[in-house]
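Please look over the model below before reading on. My notes cover the chain contact first, then the pockets.

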Number of protein chains: 2
Amino acid sequence: MASQPAFRRSDPDQRRASLIAACARVLAREGAAGASVRAIALEAGVSPGLIGHHFGGVDTLIAATYAQVEEQVAEALDRAVAAAGPDPRARLEAYVTASLLPPIADSELLSTWIAFWSLVRARSEIARLHDEQYSRFRAGLEALLIENGAQPAALRRIAIAVTALVDGLWLELCLSPQTFAEGEAAAIARDSLPALISTGR
Amino acid sequence: MASQPAFRRSDPDQRRASLIAACARVLAREGAAGASVRAIALEAGVSPGLIGHHFGGVDTLIAATYAQVEEQVAEALDRAVAAAGPDPRARLEAYVTASLLPPIADSELLSTWIAFWSLVRARSEIARLHDEQYSRFRAGLEALLIENGAQPAALRRIAIAVTALVDGLWLELCLSPQTFAEGEAAAIARDSLPALISTGR
DNA sequence: TCGCTTGCTGAACGATCGTATAACAAGCCC
DNA sequence: GGGCTTGTTATACGATCGTTCAGCAAGCGA
């Protein structure tokens, strides 16, 4: 009688991806405080030591998880814009409202993000990741604003304002969803767009 | 030779206030991860057991700290409005920009707030505190918006948008201050106000 | 001055944390 | 099929976590 293998070897890249996914699930379910080496390893169905083997430490794994979640959000926004068609106004609205609708407006995603924020001040490479993500979002927004006739001289100011509006709505939407009616946050952002774009004219 | 007392007894309320202040300092300096019973007790110059004696557990102490910091922020905003004089527009601008200038725009304060956010999903009494704080801020804003001629029908929408704008700017300002020039965030918020108020007219 | 209340200390407990490491074994190569 | 690489496990270690509690002592009232 042949006993089945006690474990399966995996390609290092695949295993790392599996651990990142498990880390994201634990962060979402239990928050930053619950994202221990053992909890993540249990979630991934491996032994605790494997995290050290592949990532060196749990902080590196969390940073890698940040990078991947961030990437997924950016891709979701790009898809939303692409699905909006050619109309510049529709593309801008899609970019702005996509953050305030599922799957990005998700209170579980907030737990992940808070875990990252709590590391920004302590770890400089996390701070760098955050700055990159913020810059990327604002750059994408500025491109769409130009399509919509925003004044170049006011571009930075408008982009910062719209980004802040979206971030603030997203934060409150995730923290206490019952504050808003279905789609209300997205509607508020959409309705505020023309006013913010026209500032400085 | 009379030896000086090994410790001083304190009025329970004063001692609790001292522990809350120490908790706030530790949260600001070391973040949520570093706010352990021992660290807070060391900061306050007392023994670890005293926290359990006065608060039952460290979570209760953190919740009490939330309530107190929130109170201080609200008072600072009220003072800013009072100092702005009688002009409605100046009062509204003071309320909005005060959050984006020292001492409220402080990256140490962000650490404190992140610690609270990380508890919102796990502990319902923290969630309730958050909702109260958000409602209070928005109510204060709505009163000022009425003074400035905002349409009652659009009041809720405008107040939510302005609150989100301020929160988003505050968050990014605390996370990476080097993104903004001195006073830039406050200026952006101030310049965006008339546009947001006029939506719905 | 004595006793009593109680704020307070400090040690101890069990649980859990992150990490290191030696042994094991899966699976490819020759 | 035997050897070798290395992904993986399991254990152990020291540190630190939150909480408990028996006892000390500060300071007030009688």
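1. Between chain B and chain A there are ten residue pairs in polar contact, both residues at pLDDT 80 or more. A polar contact is a pair of N or O atoms within 3.5 Å; within protein, one must be able to donate a hydrogen and the other to accept it, and residues adjacent in sequence count only if both atoms are side-chain atoms.

2. On chain B, the elements giving two or more residues to the side that touches chain A are helix 6 (107–120), helix 7 (124–147), helix 8 (155–175) and helix 9 (184–198). Helix 8 of chain B has the largest share, twelve residues. Helices are DSSP runs (H or I, at least four residues), numbered from the N terminus. By class, this side of chain B has 16 nonpolar, ten polar and ten charged residues. Ala, Val, Leu, Ile, Met, Phe, Trp, Tyr, Cys and Pro count as nonpolar, Asp, Glu, Lys and Arg as charged, and the others, Gly among them, as polar.

3. Provenance: this is a predicted model, where local features need pLDDT of at least 70, side-chain atom pairs count only at pLDDT 80 or more, and totals for chains, interfaces and linings use all residues. Residues are numbered from 1 along each chain as its sequence is written, chains are lettered from A and ligands numbered from 1 in the order written, and side-chain values use heavy atoms, without hydrogens and water.

4. The contact (heavy atoms within 4.5 Å) takes 36 residues from chain B and 36 residues from chain A. About 3100 Å² is buried between the chains, 66% of it from carbon and sulfur atoms. W117(B), R121(B) and L175(B) supply 19% of the area that chain B buries against chain A, more than any other three residues. Buried area is the accessible area (1.4 Å probe) lost by two parts on being put together, summed over both.

5. The rule finds two salt bridges across the interface. In a salt bridge, R156(B) meets E184(A) at 2.8 Å, N to O. The criterion is a side-chain nitrogen of Lys or Arg within 4 Å of a carboxyl oxygen of Asp or Glu.

6. The largest pocket holds about 870 Å³ of space. Of its 40 lining residues, A32(A), A33(A), S118(A), A32(B) and A33(B) are the closest to its centre. A pocket is an open set of points on a 1 Å grid over the protein atoms alone, where a 1.4 Å probe fits, with protein on both sides within 12 Å along at least five of seven lines; lining residues have an atom within 4 Å of a point.

Methods:
Points joined across faces, edges and corners; volume = space filled by probe spheres on them.
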